Amino acid sequence: MTAVTLNHVQKVYNKVPVVDDLSFEIQPGEMFGLLGPNGAGKSTTIRMLITLTKPTEGEVRVAGHDVTRNPAEVKQNIGVVLQQTSVDGDLTVWENLEFHGRMHHIPPRERQHRIDRWLDYVELSDRRKDIVKTLSGGMKRRLQIARALLHEPQILFLDEPTVGLDPQNRRRLWEIIRDLNRQGMTMLLTTHYMEEVEFLCDRIGIMDAGKLIELGTLDQFKQKYGEGLAIKQTGDRMESHFFPTLAEANQYLDSLPDKTGVMIRESNLEDIFVELTGHQLD
Ligand code: ADP
């Protein structure tokens, strides 16, 4: 059974399809990254997957359940970390988890056991009595992850999980995300940070204007677009050109009578993203 299935999914707002004929699957245990410029439809896709909004057309299945027909079953099987911190700032760390645990009808002893376990895992045990609004951004995000894991979901959805975090906190969160995936958790994450996808994701889907324009592993992308890159700077403009290998890019440089402003390096995900979407991420 696939963990996530989207089959010719469309979402229309005000007669405009913001997600348009989207089809892809995520296998159990996979770490899938959804990339795209602002307005590409990533959040709308996640919102359909987590039952916050219904698809206009097409089929969306999560953990074997149809999101429109069986939203409660879907919710039982997923954990969600959204962009905007959704923990309650006026409650303590423990109260946030206790509330979530009760909502999911986890029995008291088991609930306390899991709260202890996940607080320890995200290194917040010593902050359990603190009011959440007194925590740093990184701590709040770790609390969101602990909360998302409390009911032991099969699939975790992370919408821009590290946005606004400093590099140290971002790294710590990457370690947690990677560790959870290694323990078998299926994950879908959206992000603006290319290095996040390169570091974390097994497979990548690139969306633009509501459509999936590329799907595969980073290695497959590099094979397809080229592993070598020549960048030429002319005034303020940067032009780049892909070559199948770095050696071929270097041969090209050698063949140029005037090498001024030309740089050769290995291509990366950002180069491929810019080539595909014509946008730089902001
Ligand atoms: P992304 O997450 O890739 O930045 P979104 O899914 O947030 O993209 O948005 C895709 C498009 O759908 C945007 O043009 C956005 O304005 C539009 N959109 C999103 N939510 C709504 C809504 N509730 N009503 C109307 N339009 C919306």
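## Secondary structure and the Ser-267 loop

Helices (H or I, at least four residues) and strands (E, at least two) are DSSP runs, numbered from the N terminus. Ser-267 lies in the loop that joins strand E13 (262-266) to helix H10 (269-277). Its relative accessibility is 2%, so Ser-267 counts as buried; buried means under 20% relative accessible area, exposed over 50%, and partly exposed in between (1.4 Å probe, protein chains only).

A polar atom of the Ser-267 side chain is 2.7 Å from the backbone oxygen of Gly-226. This pair is a polar contact, defined as N or O atoms within 3.5 Å; within protein, one must be able to donate a hydrogen and the other to accept it, and residues adjacent in sequence count only if both atoms are side-chain atoms. With neighbours within four places in sequence left aside, Ser-267 is in contact with Lys-222, Gly-226, Glu-227, Gly-228, Leu-229 and Phe-242, where contact means heavy atoms within 4.5 Å.

## Model and overall dimensions

This is a predicted model, in which local features need pLDDT of at least 70 and side-chain atom pairs count only at pLDDT 80 or more, while totals for chains, interfaces and linings use all residues. Residues are numbered from 1 along each chain as its sequence is written, and side-chain values use heavy atoms, with hydrogens and water left out.

The protein has 10 helices and 13 strands. Its C-alpha trace spans about 75 × 45 × 35 Å along the principal axes. Of the 282 residues, 48% are buried. Among contacts with a separation of 6 or more, 65% are between residues 24 or more positions apart. The accessible surface is about 14100 Å², and 47% of it belongs to carbon and sulfur atoms; areas come from the Shrake-Rupley method with a 1.4 Å probe, and for residues only the protein chains shown count as cover.

## Domains and nonpolar cores

The domain assignment gives domain 1 (4-218) and domain 2 (227-266), with bounds taken from an automatic or database assignment. Their C-alpha centres lie 39 Å apart.

A nonpolar core is a set of buried Ala, Val, Leu, Ile, Met, Phe, Trp, Tyr and Cys residues joined through side-chain atoms within 4.5 Å. The largest one has 47 residues, and Leu-180 and Ile-204 have the most contacts inside it. Helix H5 (residues 137-149) supplies the largest share of this core, 6 residues. Domain 1 and domain 2 each contribute at least three residues to this core. Beyond four places in sequence, Leu-180 is in contact with Trp-118, Tyr-121, Ile-145, Leu-149, Leu-156, Met-185 and Met-187. A second, separate core has 26 residues, including Leu-22, Ile-26, Val-60 and Val-67.

## Helix H3

In helix H3 (residues 93-103), the buried residues are Val-93, Asn-96, Leu-97, Glu-98, His-100 and Gly-101. Helix H4 (108-121) and H5 are among the elements that cover them.

## Ligand site

The residues surrounding the ligand are Tyr-13, Val-18, Pro-37, Asn-38, Gly-39, Ala-40, Gly-41, Lys-42, Ser-43 and Thr-44, each with a heavy atom within 4 Å of the ligand. Helix H1 (residues 42-49) provides the largest share of this shell, 3 residues.

The ligand on its own has 560 Å² of accessible area, of which the protein covers 57%.
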